[in-house]
Amino acid sequence: MNILPTIDAAKDELVAIFEDLHAHPEIGFTETRTSAIVADKLKSYGVDEVHTGLGGTGVVGLVHGKGGGTRRIGLRADMDALPIDETSNLAYSSKNEGVMHACGHDGHTTMLLGAAKHLCETRDFDGTAVLIFQPAEEGLGGARRMLEEGLFEQFPCDEIYGMHNWPSGQPHTVGVCKGEAMAGAAFFDIHVQGKGSHAARPSDSKDALMIAASLATEINTILARNIPAQEVCVLSVTQLHAGAAYNVVPDTATLAGTIRYFKDDIYALAAERMQRLCDGFAVAHDVEIQLDLRNVFDVLRNDAALSDAYIEAATDIVGHDNIIQDLQPVTGSEDFSDMLKVVPGAYCVVGHAGTTALHNPGFVLDKAILPVGASIMARVVERRLALG
């Protein structure tokens, strides 16, 4: 391990920041406490410009290198938590009921703060580091809102880099998947409007619950009978809500779920088949069925050349033996993809000793990863904006 000296010296501070953020998690677009801490820390480190309020609670900082160059490298971290009750029993567990940092965004924020501290103290680069602290990554469109509000018009970047912790049980390993690395995602809601009745006389009803249950089963045939076997697509019905009494056939029911994909034409095929099924069920059962299907995450595509640059920076920190060369695409999604559609860059995962899955109420992020991630982020700026 080759943790950068300024970051190594700040390890205790980074742990303290992380534990504080973990104990006070905030849902997307409500990260007011988190963003205030971020802005205060950036100012205390000597960041040249600190801008708040972009995307609601987003923070952007600019650090100018001593070389005076015009190139700009973006570094991005997400800040939001999840609506989960924590069961980790950590001494610094969430104090906010029903909210938890179960995906490690508190760690990502801490890492970027560590990188900011190093870059401010050394400024050993020729250009500007653009530090982007993004709100609302967890399906709420934080990246898109920052883009809509002019992120890259106000703070243009030539390249951009992001990272995510990975509870693999393999500490300090780093992997980058070139090209299509993470799936695009859409969420759907389906509303069935039938006709209710007394449960003793179901023949008087148009049973929305039974129609929805049958539709949920039929939707699952899209993968088996419409998507080519060699293509990767995931379609999951994750919710079915109907009824409130033992003796009433409900008049309405709702389904919800997600589609994950790597190719736009495959998503379009799945979407078209879902709409046809909804329309067909409506005709067959003489009811109204409305489908609301919306893209939430685009496919995350890593630039091949910049993936190599990211690997080189990571190798400086963790060594060649800890680089995962054959990292495969995953069907999870990440809204950093929206930024990568505008600015070329790459996204890596950093393994740590934890083994409890992300988004689990017992998830624990290994704090030893904090200086590793911070050093990699700082190092990619120094490599890409090398002096002389």
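1. Which residue just after H9 takes a positive phi? Asp286 does, with a value of about 55°. This is a predicted model, and the angle is to be read as such. Asp286 is a residue other than glycine and sits in the loop between H9 and E13. Its relative accessibility is 53%, so Asp286 counts as exposed, the cut-off being over 50%.

2. Helix H9 itself covers residues 264-285. Its 22 residues should span 32 Å at 1.5 Å a residue, and the end C-alpha atoms are 32 Å apart, so expectation and model agree. The buried residues of H9 are Ile266, Tyr267, Ala270, Ala271, Met274, Leu277, Cys278, Phe281 and Ala282. Viewed down the helix axis, these buried residues fall within an arc of 145° and therefore line one face of H9. An α-helix has 3.6 residues a turn, so residues three or four places apart point the same way. On the other side of H9, the exposed residues are Asp264, Asp265, Arg276, Val283 and Ala284.

3. What covers the buried residues of H9? The cover includes both strands and helices: strands E8 (184-193), E10 (233-242), E12 (252-261) and E13 (288-297), together with helices H7 (208-219) and H8 (221-225).

4. Leaving out residues up to four places away in sequence, Cys278 touches Ile190, Leu215, Ile289 and Leu291. Cys278 and Gln193 are 85 residues apart in sequence, while their C-alpha atoms are 12 Å apart in space.

5. Helix H4 (residues 105-122) passes the length check too: 18 residues at 1.5 Å each should span 26 Å, and its end C-alpha atoms are 26 Å apart, which agrees. H4 is mostly covered, with 16 of its 18 residues buried. Arg123 follows H4 and has a positive phi, near 50°.

6. Asn89 is also worth a look in the loop between strand E3 (72-78) and H4. Asn89 is not a glycine, yet its phi is positive, about 65°. Is Asn89 buried or exposed? With a relative accessibility of 73%, Asn89 counts as exposed.

7. Ser35 lies in helix H3 (residues 32-45). Its relative accessible area is 11%, and because buried means under 20%, Ser35 is buried. Apart from neighbours within four places in sequence, Ser35 is in contact with Thr57, Val59 and Met79.

8. The largest pocket has a volume of about 720 Å³. It is lined by 31 residues, of which Trp166, Met182, Gly332, Ser333 and Leu358 are the closest to its centre. Strands E5 (159-166), E7 (179-182) and E16 (345-351) each supply at least two residues of this lining. Which element gives the largest share of the lining? E16 does, with 5 residues. By class, the lining of the largest pocket holds 16 nonpolar, 11 polar and 4 charged residues.

Definitions and conventions: Residues numbered from 1 in each chain as written. Predicted model: local features only at pLDDT ≥ 70, side-chain atom pairs only at ≥ 80, totals over all residues. Heavy atoms only, no water. Helix = DSSP H or I, 4+ residues; strand = E, 2+ residues; numbered from the N terminus. Expected span 1.5 Å × (residues − 1). Buried < 20%, exposed > 50% of the residue type's maximum accessible area, 1.4 Å probe, protein only. Arc of directions from axis to C-beta. Contact = heavy atoms within 4.5 Å. 1 Å grid on protein atoms, 1.4 Å probe; cavity = no way out; pocket = protein on both sides within 12 Å on 5 of 7 lines; lining within 4 Å. Points joined across faces, edges and corners; volume = space filled by probe spheres on them. Nonpolar A, V, L, I, M, F, W, Y, C, P; charged D, E, K, R; others polar.
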